[in-house]
Amino acid sequence: MEQEGYKGGIERPEGDDKGDDQKVCENICEKAHEHEPVDFEAAVEQASSIMEAIGRVVIGQSAVIEQVMVALLAGGHVLIEGVPGLGKTLLVKALAATVSGQFNRVQFTPDLMPSDVTGHALYDMKSGEFKVRRGPVFTHFLLADEINRAPAKTQAALLEVMQERQVTIEGEALQTPQPFMVLATQNPIEQEGTYPLPEAELDRFLFKVYIDYPSQAEEIDMVERVTQSADALDTSKISALITPQSLKALQDSVLSIETDQSVVAYAVNIVRMSREWRGLRFGAGPRASIALLRAARAQALLEGSPFVKPEHVKTMAKPVLRHRLGLTAELEIEGVSVDQVIQALLDHAEAPRS
């Protein structure tokens, strides 16, 4: 079948004593030594410059910017949750603007069909052949805006591409550009006309990030900038700082971060504890162990540390686990949040000495 590129909607800008989870995570550590040496200091500087560029447009969300940057370095996807007007979409567009790649945005709505996201095959009357029209997922950065407004069948269109970086159309597997990242947003307070994301899809997000109101000083600064300049929120003013190829190399540099086996065991122990924790209907699976270790390594690089510390694991635990745990009805009635349960897990888990 002849292929046609997507042309619309593009915006630039329990086994042995170690356990199966730990063995998988240790395999990741071993792969670090299969890569060529990288300039560690240059990687740290490059990551910091990207964060600074985003911070000049997205005001008052430094913690959120850092978490999204960690996900970018770790090669994962992000689910951003927050009320309207906090700059979720602006954050994604600013991130994409720092990379000279493609950025596509899909506004998820109840009538959105799976083929509107992935693409489809169509019959060309002139040539007498079927052609593949690629959907907006064939990009470097995909913004799935208000993802919970689309029904389950449309949400499921992202399952394959988020996990395997490919889309199967008419039996043919088509690869997405590399690197590939999905950043999805959802509104936690408006539930009418929304569809909860299934656990299988939630598990494919590396992070679930909460974006909250800025502080008073940050909000004053934001208002002053926006009212004094029409270009204050213009992401087109952000110069591209890195190419997709360089970004892939930057992501690979995360694999050079040394990780002691005691830290791997610590990360795995936190995840495994969640499966038997009182007050949880279900805990996190092995994918969470892998995600926690990857995120901790990316966090270490951002801080300029050549090795992972237990503190990096602790810092990344909440964004990695909060969408992978299910609270019992009793805890929900008591008003206990999933972040409080994660903190209890961290307090109970014995961390190795730094």
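1. Basis of the values. The model is predicted, so local features need pLDDT of at least 70 and side-chain atom pairs count only at pLDDT 80 or more, while totals for chains, interfaces and linings use all residues. Residues are numbered from 1 along each chain as its sequence is written, and side-chain values use heavy atoms, with hydrogens and water left out. Helices (H or I, at least four residues) and strands (E, at least two) are DSSP runs numbered from the N terminus.

2. Helix 12 against helix 13. Two packed helices are described by the angle between their axes and the distance between the axes. Here the axes of helix 12 (residues 286-302) and helix 13 (residues 310-321) come within 8 Å and cross at roughly 130°. Helix 12 is therefore oblique to helix 13. Axes are lines fitted to C-alpha atoms, for helices over the stretch in contact, and angles run from 0 to 180 degrees between N-to-C directions. Angles under 35 degrees count as roughly parallel, over 145 as roughly antiparallel, 65 to 115 as roughly perpendicular and the rest as oblique. The crossing of the two helices is right-handed (the near helix is turned clockwise from the far one by less than a right angle).

3. Residues of that contact. Helix 12 contributes A288, A291, L292, A295, A296, Q299 and A300, and helix 13 contributes H312, V313, M316, A317, V320 and L321; contact means heavy atoms within 4.5 Å. The residues of the contact of helix 12 with helix 13 comprise 11 nonpolar, 2 polar and no charged. In this scheme Ala, Val, Leu, Ile, Met, Phe, Trp, Tyr, Cys and Pro count as nonpolar, Asp, Glu, Lys and Arg as charged, and the others, Gly among them, as polar.

4. Helix 3 against helix 12. Helix 12 also packs with helix 3 (residues 62-74), at an angle of about 110° and with the axes 8 Å apart. Helix 3 and helix 12 are therefore roughly perpendicular to each other, and their crossing is right-handed. The contact involves E66, M69, V70, L73 and A74 of helix 3 together with R294, A295, A298, Q299, L301 and L302 of helix 12. The residues of the contact of helix 3 with helix 12 divide into 8 nonpolar, 1 polar and 2 charged.

5. V271. This residue is found in helix 11 (residues 261-274). V271 is buried, with a relative accessible area of 0%; buried means under 20% relative accessible area, exposed over 50%, and partly exposed in between (1.4 Å probe, protein chains only). Not counting residues up to four places away in sequence, V271 touches A284, G285, A288, S289, L292 and L321. The C-alpha atoms of V271 and G285, 14 residues apart along the chain, are separated by 7.4 Å.

6. Salt bridge K208 to E81. A salt bridge is a side-chain nitrogen of Lys or Arg within 4 Å of a carboxyl oxygen of Asp or Glu, and by this rule the count comes to 8 salt bridges. One of them joins the side chains of K208 and E81 (3.3 Å, N to O). K208 lies in strand 10 (residues 207-210) and E81 in strand 2 (residues 78-81), so the pair ties together parts that are 127 residues apart in sequence. Both K208 and E81 are buried, E81 with a relative accessible area of 13%. Leaving aside neighbours within four places in sequence, E81 is in contact with K88, Q186, P188, K208, V209, Y210 and I211.

7. The side chains of R324 and D203 meet in a salt bridge (2.6 Å, N to O). The pair links distant parts of the chain, 121 residues apart: R324 is in the loop between helix 13 and strand 12 (326-327), and D203 is in the loop between helix 8 (199-202) and strand 10. Both residues, R324 and D203, are buried. A further salt bridge pairs the side chains of R322 and D339 (2.9 Å, N to O). Salt bridges that share partners join D203, R287 and R324 into one network.

8. Helix 4. In helix 4 (residues 88-97), 9 of the 10 residues are buried, so the helix is largely enclosed by the rest of the structure. Its buried residues pack against helix 2 (40-55), helix 3, strand 2, strand 3 (103-107), strand 6 (141-145) and strand 9 (181-186).
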